[in-house]
Amino acid sequence: PGALAHHFAKAERYAQAIPLGLAQLRQTQHRSLNDETIAYAQQVDGWIQHLNGQAQLEARLELNGYVTQALMNKHGWAHPQVAEKMALSEVILAQNISAELRLQHLWTALTYHHVASNRAEVMQLAQSMLLQAQITDDSHAHVSAMLWLGLAHYSEGRFDDAERALSTAIAQHDSVLHAEHAARFGLDTQVWSCATRALVRWGLGYGQLACDDARRAVARARQLAHVPSLGIALLYLALFDQGRNDAVATQAACDELIELAQRYGLPAFLGYAQILRSWAVGKVAAADAGVDALWRIGCRYGQTSYRALAAHTLAHAGEFDQALARLEECLALVEALNERRHLAELYRDKAHYLWACGAGLVEILAAAAAAAEYAHAGGKRRIEAQALYLIDQLDPDFCVGAAERLRDLLAQWPELSPWAD
């Protein structure tokens, strides 16, 4: 379409050139040709100057969406250049524009705020997207809204709510009707929903279902041949494998993701993969470098858990004081970012590190009890069972009802037994 668009533009038939130019941008962005997208967008933007009124507003907003996706891939999802494009789109959104373009921009805004870990904004925008879906009876908006609500609940540590929302997004996804979501929104909704539900289901205590979701996400991303979707699927697979304490599988997923990120110039994926790989190979300095690189480009999301990976490595080396200091930094970030998805794990690890370094029983049990409490509140049965098991081992009388709750958990979810021990 680019060649035909150029032909119409030379003839100053801009109304015909612009839709073709936008189609060309959609193709280059789908192929993750970020520099080409950014450069070609400047040419199309010059054509848009010749439109008037509503046509100009909507064309510019669509173009801005493709450029923002390219900038997110090239510099990171929450980079200052992305924020500048977001501000421009907000001005256009104040006008009366089509529901289709409004949905596309909501996606961009949600991606930015999610990675910047602006949790309140993510929940508010996800609810706005759901309202738009209900008003317009738009299945694209509804599938998207349920994905984003699932991500919001997951990030805030409400795993039962997250599982319900993500399962709705997956069930309502139509492989034909929604086939263009990757190109339109920057990530495929089915891939991201399945990849996230894998992490949620693992925490809930459904190991095999979680594994199935993780593999399904990667398989679909490969089938689509969409680079950012494959990136998110591999990243979440690595997170799943790390949660299972499988260093070999984690490293394999990270190695593939690192190669993908380096080939296509995706710094955020590269940073996340390097941190997880550092855990797999036991390298603290590399993990710190990855964390710092992500923070510099505005990627705040997940910092409460990614920073804790270095604490795991330090603890494995017997450096428990340093490990505990790292965990305290992560706990402070939980409050600063209002990101509670990893809170129970932080307290669980704190209890184990305190125990390993010979701390007082009261301090250890307080951390374990906090882990059990936060896990129970969020539906994270796997972590709750681990924390309750530790309490039962140290002082069965410390927490009234703890032993009974542990027995109930293991009776209903037998697969938790080896993970609780």
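The model is predicted, so local features need pLDDT of at least 70 and side-chain atom pairs count only at pLDDT 80 or more, while totals for chains, interfaces and linings use all residues. Residues are numbered from 1 along each chain as its sequence is written, and side-chain values use heavy atoms, with hydrogens and water left out. The largest nonpolar core has 100 residues, the largest pocket holds about 1100 Å³ of space, and the largest cavity has a volume of about 170 Å³.

- Glu-339 sits in the loop between α18 (320-337) and α19 (343-356); helices are DSSP runs of H or I with at least four residues, strands are runs of E with at least two, and both are numbered from the N terminus.
- The relative accessible area of Glu-339 is 0%, so Glu-339 is buried (buried is under 20%, exposed over 50%, partly exposed in between, with a 1.4 Å probe and protein chains only).
- Its side chain makes a polar contact with the side chain of Ser-117 at 3.2 Å, and the side chain of Glu-339 also reaches the backbone nitrogen of Gly-302 at 2.9 Å.
- A polar contact is a pair of N or O atoms within 3.5 Å; within protein, one must be able to donate a hydrogen and the other to accept it, and residues adjacent in sequence count only if both atoms are side-chain atoms.
- Not counting residues up to four places away in sequence, Glu-339 touches Ser-117, Arg-119, Ser-155, Arg-300, Tyr-301, Gly-302, Gln-303, Thr-304 and Val-334 (contact means heavy atoms within 4.5 Å).

**Loop residues with positive phi**

- Ser-117 lies in the loop between α6 and α7 and has a positive phi of about 60 degrees although it is not a glycine.
- With a relative accessible area of 4%, Ser-117 is buried.
- Asn-338 lies in the loop between α18 and α19, and its phi is positive, near 55 degrees, in a residue other than glycine.
- Asn-338 is partly exposed, at a relative accessible area of 37%.

**Helix α7**

- Helix α7 (residues 119-136) has 18 residues and reaches 26 Å from its first C-alpha to its last, close to the 26 Å expected at 1.5 Å a residue; the expected span is 1.5 Å times one less than the number of residues.
- The buried residues of α7 include Arg-119, Val-122, Met-123, Ala-126, Met-129, Leu-130 and Ala-133.
- Among the elements that cover the buried residues of α7 are α6 (99-115), α8 (139-155) and α18.
- Asp-137 follows α7 and has a positive phi, near 55 degrees.

**Helix α15**

- The 15 residues of α15 should span 21 Å at 1.5 Å a residue, and its end C-alpha atoms are 21 Å apart, which agrees.
- Buried residues in α15 include Phe-269, Tyr-272, Ile-275, Leu-276 and Trp-279.
- The cover over the buried residues of α15 includes α6, α13, α14 (247-264), α16 (284-296) and α17.
- Gly-282 follows α15, with a positive phi near 75 degrees.

**Nonpolar cores**

- Within the largest nonpolar core, the residues with the most contacts are Trp-47, Trp-192, Leu-235, Tyr-236 and Tyr-272; such a core is a set of buried Ala, Val, Leu, Ile, Met, Phe, Trp, Tyr and Cys residues joined through side-chain atoms within 4.5 Å.
- Helix α13 (residues 227-243) gives the most to this core, with 11 residues.
- A second, separate core of 25 residues includes Ala-308, Ala-310, Ala-368 and Leu-394.

**Pocket and cavities**

- The largest pocket, of about 1100 Å³, is lined by 41 residues, and the closest to its centre are Gln-242, Gly-243, His-312, Arg-348 and Asp-349.
- On a 1 Å grid over the protein atoms alone, a cavity is a set of points where a 1.4 Å probe fits but cannot get out, a pocket is an open set with protein on both sides within 12 Å along at least five of seven lines, and lining residues have an atom within 4 Å of a point.
- Grid points are joined across faces, edges and corners, and a volume is the space filled by probe spheres set on the points.
- Helix α17 gives the most to the lining of the largest pocket, with eight residues.
- The whole structure has four cavities of 30 Å³ or more.
- Of the 15 residues that line the largest cavity, His-114, Ile-232, Leu-235, Tyr-236 and Tyr-301 are the closest to its centre.
- The largest share of the lining of the largest cavity, four residues, comes from α13.
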